[in-house]
Amino acid sequence: MSSSRYYATYARFSTKDKTAGSFLTNADNVIGDVYTVDFRKSDDENHPDEVAWLVNRFGKDVGYFDTDISRQLQVCRAQGWNIYALLASVWFTENPKPGIFWGEMVIMCYSPSIADSFDVFRQGISQMLADGVRPNVLLDSDTMQKVIDSKGKWKPADRVEPIKKTKGTALLKDHATHEEKVIDQARVHRVGCTVVAWVVVIAIVVVILLIMRSCS
């Protein structure tokens, strides 16, 4: 939904290829994480507009939005708004071969004039996503005022339905796991983070292989 100061929606994003997409399964990409948006010239001659690429907190490219979403984000950029994307889910689809990783982001853009309240609100949405909750981020004038009056502490009660699974498609992430939270804590304290991270990554890879085998 777009207003004079705020735009938000759930949006699907694609990955460059299977190898690059598999990066989404590791502990550097946790549900609820905030991503920056980097606008880059399109490689597609039929669609010369800039493409909105997603970059995680470690500076790694994870995927990109389609033309429509990229254009909407360009409008937000032109207005000087703050632009954020929050990871909501990660998926794998086996067709076309060799399969593709993709996902869903919550896009949140807003005017710097309301950033004091909406930065706090965004952090609350991030935590809800991490907990496996899919809040409705569409706000009308009344709910926007609630965010401002509460200094960002107001949280939406409405929920958004999850993406429906289809044949050959598997949901890989829709909440932050205990293991991922442990890794983040280890990174903060810089104790054993590398060992823990690799254990989790190996476990995720094994799960994906089992999913792919069951789909074949």
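My entries on the salt bridges follow.

**Ground rules.** I am working from a predicted model, where local features need pLDDT of at least 70, side-chain atom pairs count only at pLDDT 80 or more, and totals for chains, interfaces and linings use all residues. Residues are numbered from 1 along each chain as its sequence is written, and side-chain values use heavy atoms, with hydrogens and water left out.

**Entry 1: the count.** I took a salt bridge to be a side-chain nitrogen of Lys or Arg within 4 Å of a carboxyl oxygen of Asp or Glu. That rule gave me 9 salt bridges.

**Entry 2: around Arg40.** I found Arg40 paired with Asp38 at 2.8 Å, N to O. Arg40 also meets Asp61 in a salt bridge, again 2.8 Å from N to O. Arg40 sits in strand β2 (residues 34-41) and Asp61 in strand β4 (residues 61-64), so this pair ties together parts 21 residues apart in sequence. For strands and helices I used DSSP runs numbered from the N terminus (strands: E, at least two residues; helices: H or I, at least four).

**Entry 3: Glu50 and Arg77.** Here the closest N and O atoms of the salt bridge are 2.7 Å apart. Glu50 belongs to strand β3 (residues 50-55) and Arg77 to helix α2 (residues 67-78), 27 residues apart.

**Entry 4: network.** I noted that shared partners join Asp38, Arg40 and Asp61 into one salt-bridge network.

**Entry 5: buried or exposed?** Buried is under 20% relative accessible area, exposed over 50%, partly exposed in between (1.4 Å probe, protein chains only). I logged Asp38 as partly exposed at 33%, and Arg40 as partly exposed at 25%.
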